[in-house]
Amino acid sequence: MEARVADHQLKYYLTKYKLYQIFPEHYISQLQLVTYKKGQAICQQGQTLGHLFYFIEGHIKIVRRLFNGKEHILETQTEPTLIGDIELMSNQDSVSSVIALETSRVVQLPLKNRQQVYQDPLLLYQIGRQLAQKLEQQNIISSTNISYSVKERLATYILSHEEEGIFQLQPSVLADAFGTSYRHLGRVVKQLLDQGIIERTAFKTYRIRERLELESLVIQN
């Protein structure tokens, strides 16, 4: 079960992430700060959406179950983002599942009265703004997957997620996010290991050995 968090912590996060700009003042009293543990579903594909979520901390993956029963990871996310905006605006069940990859926190608004939301221009504006930003990001991701090699994308990922030279890789998640196969991604990781650019220090944990060589592969925006 997800865990509710104290009201004073909710106020802290509302200020920290400027959520007063997302949710109009008359919704603030309805907001809930909830913690999801690793492996828990924030929402599940095919289920009726009961909340509009704003993911604020942690690491989540967005997964879609295909007609053949397989699951495809659409993306992973560590940056704050709205969840459920597409379903709310199209009035349909959840089109994908959102799963916590580590302990994650969301601020959620119960959707007890959708008509109230549909008639609220301030909230609709913020939802539309978030959708536009997501569309722009998806366009960037799509063009990046087409234009750059897996090696370049992996180097960019590593340098954006490392802390003091240490980083973790989840090959199955990254392969889907990069639009490539698990096997091919594994070959690219092995190339970096064989070239001495990175080294494995523990299970799924690595250290950067040659930062300049890694930086030479990074995608330049």
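Visitor: What share of the 221 residues in the chain is buried?
Guide: Buried residues make up 41% of them. Buried means under 20% relative accessible area, with a 1.4 Å probe and protein chains only. This is a predicted model: local features need pLDDT of at least 70, side-chain atom pairs count only at pLDDT 80 or more, and totals for chains, interfaces and linings use all residues. Residues are numbered from 1 along each chain as its sequence is written, and side-chain values use heavy atoms, leaving out hydrogens and water.

Visitor: How many helices and strands are there?
Guide: Eight helices and twelve strands. These are DSSP runs, numbered from the N terminus: helices are H or I with at least four residues, strands E with at least two.

Visitor: Take β8. Which way do its residues point?
Guide: Strand β8 covers residues 97-100. Ser97 and Ile99 point one way, Val98 and Ala100 the other. All are buried.

Visitor: Why the two directions?
Guide: In a regular strand the side chains alternate between the two faces of the sheet.

Visitor: Which strands are joined to β8?
Guide: β3 (residues 41-43) runs antiparallel to β8, with two bridges. β5 (residues 60-65) is also antiparallel to β8, with four bridges. Strands pair if DSSP finds at least two bridges between them.

Visitor: Switching topic. What does the C-alpha trace span?
Guide: About 60 × 40 × 35 Å along its principal axes.

Visitor: What part of the contacts with a separation of 6 or more comes from residues 24 or more positions apart?
Guide: 71%. Contact means heavy atoms within 4.5 Å.

Key:
Buried means under 20% relative accessible area, exposed over 50%, partly exposed in between (1.4 Å probe, protein chains only).
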